[in-house]
Amino acid sequence: MSKFQARVLRPARRARLISGLAVAVVGCLVATGCASGDGSPGSGSGGSGIRVVLSQTPFSLDPCDSNHSANGPVLLGNITESLVDMDPDSGDLGPGLATEWTTTDNIVWDLTLRPDVKFHNGESMTAEGVAAWFKRILTPETNCYLYGSVLTDNVQDVVAVDESTVSFKLGTPDPVLPRALAFVSVGLVPEGDPTEKINEPVGTGPYEFVSYSPGSDIKLERFDDYWGEAPDIESVSFAIREESSVRAAMAKAGEVDVATAIGPQDAEMDGAVNYPVSETLYYRLDVNHAPLNDKRVREAIGYAIDRQTLVDNVLGGLGTPANEIFVDSVLGYSDNVTWSFDPDRAKELLAEAKADGVDVDAEFEVYGQANDRGTNGSELEDTVSAMLNQVGLNSKVVIVEDRTDRMESANPPKPPVAMVQNTHGNSTRDGYVSLNGKLGCQAPQTPVCDDELTAILAKAAAASEDERDELLQEAAEYQRENLVVLIPVAHLTDTIVITNPKLKYTPNPATSERLVIADMTLD
Amino acid sequence: MTYFVLQRLRHGVLSLLGIVTLVFVLARLTGSPARLYLPEDATDEMVESFNQQHGLDGSIPSQLIDYLGGVIRLDFGDSLLYNEPAISTVLQRYPATLQLAAVTMVIALLVSIVLGSMSANRRGAKSDSVSRLGSLTALSVPDFWIGIMAITVFAVYLGWLPTSGAGGIQYWILPLLTLSLRPIGILTQVVRSSMITALESDYIKVARAKGVSQGTLIYKHALRNAAIPIVTVAGVLTAQVVNGALVVETVFGWPGIGNLMVTSIKERDFAVIQAVVLVTGAAIIILNFLIDLAYSWINPQIRLGE
């Protein structure tokens with residue numbers, strides 16, 4: 001039995017009702033849509049403001065997560081600053097929020113703070129505040145991205161010695177601590193629970209945070225009480241569009257002044273500037289995986305890859321063939337480490353291995369990340385795999401989404417794969433970070449734990465300047481000669497588009513992770 | 001009526017529970033997001049502490065019980081990406097999607113009813129072929145391609161409209177155009193075929209014999225009888241757009257739930273994925289309920305709750 005019967009309306013009345021409703025719905029929705037304005041076409045946000053489009057949604061605006069590539073472009077050098085400043089071109093260190101640093105034993109480092117520095121909320125920078133900030137980073141419960149990537153538990157304590165001196169106490173000597181500090185943003189410990197994440201960042205930088213709601217622009221404004229030279233641009237609005245073609249279209253339509261991370265297909269558009277970044281595309285080989293457990297097979301892989309062809313065809317001519325997993329301006333780069341395209345040598349090595357009973361025909365996987373920089377979908381892996389098979393190897397391609405790769409390959413890859421593609425960025429300009437980070441016995445990704453390499457790296461860690469350079473070169477040469485775990489492919493470039501003819505900006509190798517608005521000027 | 005509502009409510013709650021459980025388990029099978037939010041060299045202790053803080057350390061069934069317990073208390077967990085309660089993130093973004101979906105469907109219905117009826121009325125004529133071919137094309141072309149082409153033509157070359165973003169009426173046109181094409185394509189075909197059936201029925205012939213005008217015949221008599229399949233299909237299509245126009249919102253940077261869904265899946269923001277599924281699931285269940293009401297309103301012979 002029916003418990004409900006609809007009231008019957010006369011057709012004519014019903015028709016009127018429907019059309020009335022339709023008009024009302026469209027009218028009201030369009031009206032509410034119109035009311036919720038956000039950004040407008042044309043450049044900038046008024047005055048000498050500019051609009052920039054970025055490619056990644058920041059996952060945190062907490063200054064202690066500022067060294068992640070998704071968060072850095074908004075925070076670094078704009079909202080936040082570090083104690084030590086590093087010149088992005090030369091890699092030289094200079095004063096930042098600290099004016100000088102001294103140590104007698106590389107275990108205790110004293111930094112003198114710059115006087116009269118104010119945070120955006122009006123508070124003055126004090127030695128105690130800075131020490132508390134570093135302690136917050138070093139508290140594992142805060143889950144700071146800086147902890148583990150730049151600062152480790154080797155920093156055992158940070159204390160305020162007097163009003164303007166902060167002292168870092170280390171577990172083992174570290175002659176390059178100031179270099180690491182160049183990557184640590186200084187912020188203010190939040191009131192209440194210090195481990196609580198910060199959503200509205202407060203720093204000492206030339207721009208202060210104004211607003212951000214997910215899905216809309218991030219807005220910053222010039223900070224009037226900035227200790228340094230006032231920047232040219234008054235305000236900046238960061239839009240986020242994950243599609244490269246949409247970012248390029250925004251630039252072409254003049255909706256933004258600057259568009260970042262533009263794909264190679266748009267790298268020749270008006271206003272595009274291609275610049276080398278400190279990132280290198282490379283493969284990591286698993287020495288425990290047949291047939292890669294034979295060094296000759298691993299070396300054959302290195303010789304089988306035609307790097308120039310890859311750069312020309314897969315990377316659209318942007319980039320340069322690589323001999324090491326870091327660029328030549330990094331401390332520890334050795335000119336003796338080279339890779340050439342030599343398929344005959346590769347075949348020879350494979351024949352030798354085969355003669356010794358190695359099953360060089362065994363199938364292995366080339367594991368790639370679909371949306372990693374420079375990979376162009378599966379194109380990179382397909383090409384590399386074809387090159388390997390050309391010399392007689394038997395490889396097949398497995399492509400995963402980059403986040404899955406990150407989650408699975410951070411620890412020894414599950415399931416273990418023979419050959420993993422990755423990109424490595426070394427912004428610190430210290431080769432120890434690369435070599436120890438990829439091959440040290442503690443490194444989560446390393447397939448080896450080699451006594452001799454460990455010994456060289458341990459000596460390098462405690463050395464500085466020329467001695468450190470020599471030891472790191474020795475380590476790089478040792479890996480090339482004896483381990484052959486890291487197979488470099490190409491140093492990468494990035495493309496930025498500047499559409500506003502009045503805006504002057506020269507990108508540097510750090511631009512993709514640190515887009516310093518104060519470096520831009522408007523004519 | 002009360003029985004009908006109660007029955008629907010029971011089905012609705014059960015379906016939601018099923019969907020959320022499924023999404024909850026599937027998301028966690030991809031592993032812990034700790035490695036995405038912590039540096040590559042993070043130690044196992046750091047990963048453990050992260051998991052503990054975000055309730056990812058227990059077994060999946062015990063995590064699920066905790067989560068469902070939270071849902072009863074209206075605590076849907078916190079977003080890893082936005083660092084706020086997941087439900088606020090979702091509810092903040094939902095109006096943008098609902099507005100876009102509603103306008104899209106109104107446009108799609110109006111256009112397809114006119115096109116489909118015209119097509120049915122002039123079956124076999126040139127205009128019918130054009131409309132059939134047009135609708136087939138509209139429903140077959142992928143929306144990311146249409147979106148990017150529309151941006152290239154209207155925003156870059158002609159400069160008439162903004163490429164992307166949200167704001168005044170000019171920001172609505174390209175997403176609406178892109179999003180409504182597929183529903184227009186599908187609905188035009190449905191309207192056409194059900195109108196053809198309706199126009200061939202005896203009562204239409206009688207009405208025509210009595211001299212009723214063609215317009216009244218189509219839009220008043222035939223359309224009403226052809227409406228049931230149209231409402232059914234329109235309902236399914238509405239559910240699709242309410243569920244978040246994933247591709248269109250991502251391409252146009254529309255601050256809606258589709259965009260949010262893509263980002264939260266990519267960044268493994270579990271709490272937000274679950275909240276999106278819960279909210280859209282609830283919306284679709286309500287929508288289906290309204291469609292059932294509409295059936296009986298269009299044709300009083302259909303009774304609810306039997």
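Reply: The lining of the second largest cavity divides into 8 nonpolar, 2 polar and 2 charged residues. This comes from a predicted model. The lining residues are A:Asn323, A:Glu324, A:Ile325, A:Phe326, A:Val337, A:Trp339, A:Leu435, A:Ala476, A:Gln479, A:Arg480, A:Leu486 and A:Pro488. Two elements of chain A, α14 (465-483) and β19 (486-498), each give two or more residues to this lining. The largest share, 3 residues, comes from α14(A). The space inside the second largest cavity is about 100 Å³. A search of the whole structure finds 3 cavities of 30 Å³ or more.

Next comes a sheet in chain A. The order of its strands is β5-β6-β8-β7, which makes an open sheet of 4 strands with antiparallel pairing. At the edges stand β5 (98-103) and β7 (155-162) of chain A; each has a single partner strand, so one side of each is left without a neighbour in the sheet. On average, and with direction ignored, neighbouring strands of this sheet are turned by 20° against each other.

The strands β7(A) and β8 (residues 165-170) of chain A run antiparallel and are joined by 6 bridges. A:Thr165, in β8(A), is the bridge partner of A:Asp162.

Helix α3 (residues 127-138) of chain A lies across β6 (108-113), β7 and β8 of chain A. The helix α3 runs at about 170° to β7(A).

Most residues other than glycine have a negative phi, and most peptide bonds are trans. A:Asn106 has a positive phi, near 65°, and its place is in the loop between β5 and β6 of chain A. A:Asp116 also has a positive phi, near 60°; A:Asp116 is found in the loop between β6 and α3 of chain A. The peptide bond from A:Ala290 to A:Pro291 is cis, with omega near 0°. The loop that holds A:Pro291 lies between β14 (272-285) and α7 (295-304) of chain A.

The other chain can be described by its elements. Taken along the principal axes, the C-alpha atoms of chain B fill a box of roughly 85 × 60 × 30 Å.

A contact between helices links the two chains. Two packed helices are described by the angle between their axes and the distance between the axes. For helix α6 (residues 244-252) of chain A and helix α7 (residues 143-157) of chain B, the angle is about 5° and the axes are 10 Å apart. Angles under 35 degrees count as roughly parallel, and α6(A) and α7(B) are therefore roughly parallel to each other. On the side of α6(A), the residues that meet the partner helix are A:Ser245, A:Val246, A:Ala249 and A:Lys252. On the side of α7(B), they are B:Ile148, B:Ile151 and B:Val156. The residues of this contact divide into 5 nonpolar, 1 polar and 1 charged.

Key:
Residues are numbered from 1 along each chain as its sequence is written. Chains are lettered from A and ligands numbered from 1 in the order in which they are written. This is a predicted model: local features need pLDDT of at least 70, side-chain atom pairs count only at pLDDT 80 or more; totals for chains, interfaces and linings use all residues. Side-chain values use heavy atoms; hydrogens and water are left out. On a 1 Å grid over the protein atoms alone, a cavity is a set of points where a 1.4 Å probe fits but cannot get out, and a pocket is an open set with protein on both sides within 12 Å along at least five of seven lines; lining residues have an atom within 4 Å of a point. Grid points are joined across faces, edges and corners, and a volume is the space filled by probe spheres set on the points. Ala, Val, Leu, Ile, Met, Phe, Trp, Tyr, Cys and Pro count as nonpolar, Asp, Glu, Lys and Arg as charged, and the others, Gly among them, as polar. Axes are lines fitted to C-alpha atoms, for helices over the stretch in contact, and angles run from 0 to 180 degrees between N-to-C directions. Angles under 35 degrees count as roughly parallel, over 145 as roughly antiparallel, 65 to 115 as roughly perpendicular and the rest as oblique. Contact means heavy atoms within 4.5 Å. Two strands pair if DSSP finds at least two bridges between them.
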